[in-house]
Amino acid sequence: MTGRGLSFIRNLPGLLHSRLQWGNTLQQLSCLHTSTSLESKNWEKMNRKVYPPQLPDEPRRPAVIHHSRRQIKYSKDKMWYLAKLIRGMSIDEAIAQLEFNDKKGAKIMKEVLLEAQEMAVKNHNVEYKSNLYVAESYTGKGKYLKRIRYHGRGMFGIMDKVYCHYFVKLVEGSPPKTEEKTSFDQAKEYVQSLKNRTIIHSL
Amino acid sequence: MMNLSGLIHSLRCSLLRIESRLLPAGLDLKPAPALALNGPSLLPQIHQDQDLNLEDQQISDQPSRVLDGLLWMAAPKKRRTIEVNRTRRRADSKLLEVKNNIEPCPECGHLKQKHVLCGFCYTKVCKETAAIRAQMKAMEGGPLNAPAVETLVLYEGETPTPQDQDRRIVERPRKRPAWFSP
């Protein structure tokens, strides 16, 4: 056996290992996009997260409930206004506001909130159904159906039949109080941020 | 999706073919509807007769005639960015207002607006009224048989008073509801 042959045999596992690593990284890179597709329903999966039992001196972790409704026949932009309305409210307040709102999405959102409240009491060990608040609420675009809209002179447009998703996260406890800043304070902050401007990495 | 796009493409092709066959080729050169402006021609004319007229017009009021055609149709100059769109759509005036006139109904406990009747109480009254009307319909038998006297609704265990002798009595086989005073 020549020295070159021996050195080649010694380097062989290293070469194979590096080749395998490259192959693995390629596989890993290709796997990065397999989970984030349109079929993945991650919001519902967040309810399945299980924490280890809490130690006696730890502060009590509040219960968190994720709920959503998919493919609602409504526009996501119009639904957004309702989602923005109930952000940060207690669940009773949110349900009251939605009950007396005339929009189509309000009825659907109220159903979703009531479902989530029931889920919280049944499955997520929430003691008082009123002791919940809306931590997050937002809308997303659903899968649209496309139709033809006929114009004059033989022209046509493609009409979208819009659908949206609605996501809500309820947390146990009373809603956090957001301190309202006065306009004078906001102006002072803005002026301060302008004064703080400087050249970084200078002498 | 594929079927729809294929269909659209075939529609377009067929329309173009029909146009080219029906109309002579010289008439409609552009497939899209062209904008026809009634103004001065920006290109030089070939005819000799009109040369003098055109020159006179152009000398007298050149700037207004040339600009007229350009300022006729309003069109956006630039695409509105998503930031600009968001500030317009999410302005305070366009957000929904929180209603502060919601309170619980003292009768049933459901929520109601201050200036509106409670929905639950209203529906319960509607249901009882519908039942009374069904009873009256059964008593009358057909249309246009309503008697020309007043009606009195009696529930279980109630007897008509001497005042109610000339009233038609509608019997309801249930206990008198608390909200219906005699």
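Student: How many helices and strands does chain B have?
Tutor: In this predicted model, chain B has 5 helices and 4 strands. Along the sequence they come in the pattern α-α-α-α-β-β-α-β-β.

Student: What share of chain B's residues count as buried?
Tutor: 11% of its 182 residues. The accessible surface of chain B is about 15800 Å², and carbon and sulfur atoms account for 58% of that.

Student: Switching to charges: how many salt bridges turn up over all chains?
Tutor: A search of the whole structure gives 16. One of them pairs A:R69 with A:E115, with the closest N and O atoms 3.1 Å apart. That pair links distant parts of the chain, since A:R69 sits in strand β1 and A:E115 in helix α5, 46 residues apart.

Student: And which side chain does A:E99 meet in a salt bridge?
Tutor: A:K110, at 3.7 Å from N to O. Here A:E99 belongs to helix α4 and A:K110 to helix α5, 11 residues apart.

Student: What about A:E118, which residue is its partner?
Tutor: A:K122, with the closest N and O atoms 3.6 Å apart. Both are in helix α5 of chain A, and because they are 4 residues apart, about one helical turn separates them.

Student: Is A:K122 buried or exposed?
Tutor: Exposed, with a relative accessible area of 62%. A:E118 is partly exposed, at 48%.

Student: Last one: which residues form the nonpolar patch on the surface?
Tutor: A:Y190, A:V191 and A:L194, with about 270 Å² of accessible area together. A:L194 lies in helix α6 and is partly exposed, at 31% relative accessible area.

How values were computed:
Residues are numbered from 1 along each chain as its sequence is written. Chains are lettered from A and ligands numbered from 1 in the order in which they are written. This is a predicted model: local features need pLDDT of at least 70, side-chain atom pairs count only at pLDDT 80 or more; totals for chains, interfaces and linings use all residues. Side-chain values use heavy atoms; hydrogens and water are left out. Patches are made of residues with over 30% relative accessible area and no salt bridge: like charges are joined within 9 Å, nonpolar side chains (Val, Leu, Ile, Met, Phe, Trp, Tyr) within 5 Å. Accessible areas come from the Shrake-Rupley method with a 1.4 Å probe; for residues, only the protein chains shown count as cover. A salt bridge is a side-chain nitrogen of Lys or Arg within 4 Å of a carboxyl oxygen of Asp or Glu. Helices (H or I, at least four residues) and strands (E, at least two) are DSSP runs, numbered from the N terminus. Buried means under 20% relative accessible area, exposed over 50%, partly exposed in between (1.4 Å probe, protein chains only).
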